[in-house]
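Biologist: Please put the model on screen. I will then ask about it piece by piece.

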Amino acid sequence: MDDMILSQVKELRHQLHMHPELSGQEQETKLRLMRFIKDTTGLDVVDKGKWFYAKYSAKAPNREPIAFRADMDALPTYEDPELLPYSSLRPGIAHKCGHDGHSSAMCAFAWDLWTNGADRDVYLIFQHAEEDGTGAMECCSFIEEAGIAEVYAVHNMPGVPFGHAQTRPGTVNMASVGIEYTLTGTPTHASTPELGKNPARALSEMVLALDDSKAAVGAQGLILATVIQMDLGERAFGISASRGKLLLTVRGENENELQAFIEALNLKATDLCKAYGLQLSIEYYDRFPETRNDADAVSKVQRACEAIGMPFDLLEDPIRTSEDFGYFLMKAPGALIWLGAGEDVAPLHNAGFDYNDSLLAETCRIFRAIMEQ
């Protein structure tokens, strides 16, 4: 890649890092990215409100259109202002997953397309709100609207040797959802607990029953339930607790098995609340689908890596984290690729994480190689 454009893309990435925006609020981020593409290329740039896309139109396309996706939202987390010369200027918000790098790398690819051309129409989708699982769901219908035949995305992966592409056919990232159980009983004086309804025992039994519920489902793929928070009563020593909450994140390799597990959990909670005379409410948050790669698309990625000499690792097991790119893969075949950021890089969502700028050119390389397969 041209050194001058690469330098500009790095500066763009640093600007995005300094001005992070949360999921659904990425308006300034979107405008910076759109302006960069307009200033450096002649691609069509179309504003879709919360998100946008850029299109390279081939002069004589001889293959069906292809799309690539990049995310652009940040996390509600702290970054030490002394950590980087381009640290976040917005306290409590920071790019700790590398989405500033993903979207900047796509801008590099936009320049590459404009400079070197392609034999097919190429759509570059800049998606909002990946972190809460709502962004892809809101814009994936564009895949069908534009007649896009295949779709790909790259996510950086700390802890993996730099430049190693990793993926697998089938589930590459697990489906997940946050569940909030609220159990409501009856308050009473702490000296007469028998006169009230305290959710403590039911909440405890719900946690202890997590493994039993997994066994009851008999899942073939991995099922994982993580206790996020337990909350019971209030700091008032004269009152027996009457209200409690249990927050779980549950995830599964296969979405149908995950749903069966959730139904088993809900049944257990219902039975316990009935036994202890409690009211139950259940709410769901941050729902992500399974990200299920197409086998032929994964083979194409492997061939693309071989063509450019990029190391390729075929994953044996799915990655436990979730990714809303799965919504795109419901609309067209494709694949999500995890690209090694280096073994000594801090993990994703960690306070010390920063996107490895050397991945900007690597992401551009693999996008072009996939496009040309």
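Biologist: Is the crossing of α1 past α2 left-handed or right-handed?

Modeller: Helices are DSSP runs of H or I with at least four residues, strands are E runs with at least two, and both are numbered from the N terminus. A crossing is left-handed if the near helix is turned anticlockwise from the far one by less than a right angle, and right-handed if clockwise. Where α1 passes α2, the crossing is right-handed.

Biologist: What kind of model is this, and which atoms do side-chain values use?

Modeller: This is a predicted model, in which local features need pLDDT of at least 70 and side-chain atom pairs count only at pLDDT 80 or more, while totals for chains, interfaces and linings use all residues. Residues are numbered from 1 along each chain as its sequence is written, and, with hydrogens and water left out, side-chain values use heavy atoms.

Biologist: How is α1 oriented relative to α2?

Modeller: Axes are lines fitted to C-alpha atoms, for helices over the stretch in contact, and angles run from 0 to 180 degrees between N-to-C directions. Angles under 35 degrees count as roughly parallel, over 145 as roughly antiparallel, 65 to 115 as roughly perpendicular and the rest as oblique. The axes of α1 (residues 3-18) and α2 (residues 27-40) come within 11 Å and cross at roughly 165°. Therefore the two helices, α1 and α2, are roughly antiparallel.

Biologist: How many nonpolar residues are in the contact of α1 with α2?

Modeller: Contact means heavy atoms within 4.5 Å. Ile5, Gln8, Val9, Leu12, Gln15 and Leu16 of α1 meet Thr29, Arg32, Leu33, Phe36 and Thr40 of α2. Ala, Val, Leu, Ile, Met, Phe, Trp, Tyr, Cys and Pro count as nonpolar, Asp, Glu, Lys and Arg as charged, and the others, Gly among them, as polar. In this contact of α1 with α2 there are four polar residues, one charged residue, and nonpolar residues numbering six.

Biologist: How are α1 and α3 oriented to each other?

Modeller: The axes of α1 and α3 (residues 99-116) come within 9 Å and cross at roughly 150°. So α1 and α3 are roughly antiparallel.

Biologist: How many charged residues are in the contact of α1 with α3?

Modeller: α1 passes α3 in a right-handed crossing. The α1 side of the contact consists of Ile5, Val9, Leu12, Arg13, Leu16 and His17, and the α3 side of Asp100, Gly101, Ser103, Ser104, Cys107, Ala108 and Trp111. By class, the contact of α1 with α3 has seven nonpolar and four polar residues, and its charged residues number two.

Biologist: How are α7 and α8 oriented to each other?

Modeller: α7 (residues 210-217) and α8 (residues 255-275) have axes that come within 9 Å and cross at roughly 130°. Therefore α7 and α8 are oblique.

Biologist: How many polar residues does the contact of α7 with α8 have?

Modeller: From α7 come Leu210, Ser213, Lys214 and Val217, which meet Glu257, Ala260, Phe261, Ala264 and Leu265 in α8. By class, the contact of α7 with α8 has six nonpolar and two charged residues, and its polar residues number one.

Biologist: Is Ala129 buried or exposed?

Modeller: Ala129 lies in the loop between β4 (122-127) and α4 (135-139). Buried means under 20% relative accessible area, exposed over 50%, and partly exposed in between, with a 1.4 Å probe and protein chains only. With a relative accessibility of 1%, Ala129 is therefore buried.

Biologist: What is the phi of Ala129?

Modeller: Most residues other than glycine have a negative phi. Ala129 is not a glycine, yet its phi is positive, at about 50°.

Biologist: What is the relative accessibility of Asp286?

Modeller: Asp286 lies in strand β13 (residues 279-288). Although not a glycine, Asp286 has a positive phi of about 45°. Asp286 counts as partly exposed, because its relative accessibility is 45%.

Biologist: Which residues does Gly49 touch, not counting residues up to four places away in sequence?

Modeller: Gly49 sits in the loop between β1 (44-47) and β2 (52-56). Its relative accessible area of 36% makes Gly49 partly exposed. Beyond four places in sequence, Gly49 touches Gln27 and Lys30.

Biologist: Which residues is Val207 in contact with, leaving aside its neighbours within four places in sequence?

Modeller: Val207 is in helix α6 (residues 200-208) and is partly exposed, with a relative accessible area of 24%. With those neighbours set aside, Val207 is in contact with Val227, Met230 and Leu246.
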